[in-house]
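Here are my notes for you on the spaces, the core and the aromatic rings of this structure. Keep the view open beside you and look up each residue as you read.

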Amino acid sequence: MKGIPWLGAAALASLGLYLLLGLRYPLGPSLADPRASWSSIAGANVWNAALHIVIYLALTLLYLGAMRLLAPRGEPTDQPGRQIWLICAAWLACSVALMSAAPAGESHDIFDYLFRGRMMVEYQANPLVDVPNDFSLSTPYSRYLAWRKNVDTYGPVWEAASAAMARSVRQAARWLGWWVEGALSCPKSPKSCRLLITYLTGYRLLAVGLTGLSGWLIASIVRRSQAALVPLALGAWLLNPLVLVATALGGHNDSLMLALVLLGWWCLQRQRPFLALLALILAAHVKLTALIWLPACGLYIIWRWGWRRALTVGAAGVAAGLALSWLLYAPFDGWQTLPRMLRERSLFLANSPWRILKTLLITRQGWQVERAHRISVGLPNWLFAAGALLIPLWSFNFRPKRWQGTPVLPAQAERILWRTLAAVSLLYLLVGSFWFQHWYILWVLAPAALLPDSRFTRYVLTWLSFGALTANAVMDYLLNTVLKTAPSINGYILVVVVIWSPAAIAAGYQYLIGRRRSIKRMRG
């Protein structure tokens with residue numbers, strides 16, 4: 001029981017910091033400015049920026065402390081059940097605290113979610129064909145949007161979930177007497193702002209609920225092979241500051257994609273490869289990003305069950321997946337909506353080395369914009385495609401005989417799979433993503449949480465999460481102060497450095513520790 005009070009103290013301290021974020025960036029008053037950000041709410045100066053970063057740093061250190069307390073000490077104890085209850089209670093409390101904060105500084109995506117959800121429910125529009133600019137600027141909540149001229153970048157599973165949420169919020173608002181028709185849009189009408197807060201809360205609750213489902217899947221997967229690590233795995237997922245900010249604050253739909261992806265891995269662990277492929281296909285109909293794990297999962301099926309079963313399962317999966325995809329896209333004008341979405345998405349580069357490359361090719365080498373953009377988008381795609389194939393080929397022993405490893409046990413095979421999936425995710429963020437946002441780190445954390453005792457999960461990924469959150473805050477404040485008149489490439493370089501430097505330092509430090517331990521063992 002020694003660790004429980006300390007874990008509770010860390011949870012209470014974290015809750016206080018999330019409440020502080022809510023006090024500094026209150027949701028209600030922030031709606032007065034449809035384009036609000038951290039700096040516009042608190043004031044664009046170095047002290048406010050520093051305080052925000054200190055809050056993130058304190059949350060990260062408390063998270064590291066909690067992970068240390070949750071790590072098994074050797075002998076079995078009666079603490080896991082109490083630890084799990086405390087983790088879940090802390091996660092829910094911190095999530096509720098963050099819901100009082102404005103989402104605008106984190107991202108405006110949630111406003112796009114609710115607007116397009118309303119498009120489907122209130123105006124019978126198709127978000128994969130119709131764009132917000134097709135509607136009047138007086139349409140409720142249109143001034144809060146970030147993406148006005150583009151079709152939605154998500155698939156029909158998300159659009160159906162979003163429509164269901166918009167419909168549920170409308171029904172709940174009518175029961176409460178909060179439904180507004182014909183009134184001026186927020187921020188001009190207090191009643192309209194109250195309804196907007198209801199929509200935001202609904203989408204946040206959806207993200208939080210799906211995050212909890214993912215936590216259950218993670219715990220279930222880990223319990224099957226290493227039951228003692230369940231509290232550590234659950235803490236790695238639910239208590240991570242980036243998870244809380246991205247879901248309870250930002251309400252990002254990655255929570256739906258990852259719940260389906262984890263369901264697929266859950267099925268794969270239970271030797272249901274066909275169901276695993278279907279879950280992965282459904283996840284890709286939330287965000288196409290889910291396909292980054294398809295080569296690894298396919299090669300794992302071959303490795304564990306042989307070519308014959310893999311071909312049978314693969315053929316059945318492709319047939320069922322195509323039929324399912326056709327049915328899912330049919331209400332949204334079918335597959336013909338995909339080319340426009342993919343073309344529009346590839347127009348934008350952000351927060352990646354590829355944006356730096358594009359700028360340098362144009363400004364220093366005199367390349368045409370179109371050519372530089374094509375290289376900056378195409379090259380990461382090809383590099384990732386090669387890596388996404390080579391990593392699982394190596395991990396799953398598809399190598400020349402002289403390089404092949406020894407046969408592994410089922411439990412070891414699972415660890416190799418989780419490690420491979422995490423490596424593929426990290427590779428995507430490093431070289432494959434020409435458009436990077438901080439919540440994308442959830443894609444690495446989901447498989448990494450299945451290996452909660454690894455130094456990568458406990459330390460490197462923790463500091464990568466801190467770097468990504470910090471970069472978001474730093475750029476918000478600096479772009480409105482010292483970087484306002486600076487060359488754009490300065491900001492591009494700074495954001496990449498801030499994102500990756502803490503993780504690089506942590507990785508180097510962990511490597512040195514591991515090297516030192518190896519030398520001691522050899523000498524001993």
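1. Helix α17 gives the largest share, 4 residues, of the lining of the second largest cavity. A cavity here is a set of points, on a 1 Å grid over the protein atoms alone, where a 1.4 Å probe fits but cannot get out, and lining residues have an atom within 4 Å of a point. Helices are DSSP runs (H or I, at least four residues), numbered from the N terminus. The model is predicted, so local features need pLDDT of at least 70 and side-chain atom pairs count only at pLDDT 80 or more, while totals for chains, interfaces and linings use all residues. Residues are numbered from 1 along each chain as its sequence is written, and side-chain values use heavy atoms, with hydrogens and water left out.

2. This second largest cavity has a volume of about 60 Å³, a volume being the space filled by probe spheres set on grid points that are joined across faces, edges and corners. Among its lining residues are Ser225, Gln226, Glu414, Arg415 and Trp418. Two or more lining residues come from each of α8 (190-225) and α17 (410-432). Sorted by class, the lining holds 8 nonpolar, 2 polar and 2 charged residues. For the classes, Ala, Val, Leu, Ile, Met, Phe, Trp, Tyr, Cys and Pro count as nonpolar, Asp, Glu, Lys and Arg as charged, and the others, Gly among them, as polar.

3. Now turn to the largest cavity, with about 150 Å³ of space. It has 16 lining residues, and Ala10, Ala11, Ser14, Ala66 and Leu239 are the closest to its centre. Which helix supplies the largest share of this lining? That is α1, with 5 residues. By class, the lining has 15 nonpolar residues, 1 polar and no charged ones.

4. The second largest pocket holds about 560 Å³ of space. A pocket is an open set of points with protein on both sides within 12 Å along at least five of seven lines. Helix α13 brings the largest share of its lining, 15 residues. The lining divides into 19 nonpolar, 6 polar and no charged residues.

5. In the largest nonpolar core, which has 160 residues, Trp265 and Trp293 touch the most other members. Such a core is a set of buried Ala, Val, Leu, Ile, Met, Phe, Trp, Tyr and Cys residues joined through side-chain atoms within 4.5 Å; buried means under 20% relative accessible area (1.4 Å probe, protein chains only), exposed over 50% and partly exposed in between. Helix α9 (residues 230-238) is mostly covered, with 9 of its 9 residues buried.

6. Rings of Phe, Tyr and Trp (its six-membered ring) pair if their centres lie within 6.5 Å; planes under 30 degrees apart count as stacked, over 60 as edge-to-face and the rest as tilted. Tryptophan 265 and tryptophan 418 make a tilted pair, 6.5 Å centre to centre with 45° between the planes. This pair links helix α11 (residues 254-269) with helix α17, across 153 residues. Both tryptophan 265 and tryptophan 418 are buried.

7. Phenylalanine 436 and tryptophan 500 have ring centres 6.1 Å apart and planes at 50°, so this pair is tilted. Both phenylalanine 436 and tryptophan 500 are buried. Ring pairs also join them into a cluster with Phe384, Tyr428, Trp439, Tyr440 and Trp443.
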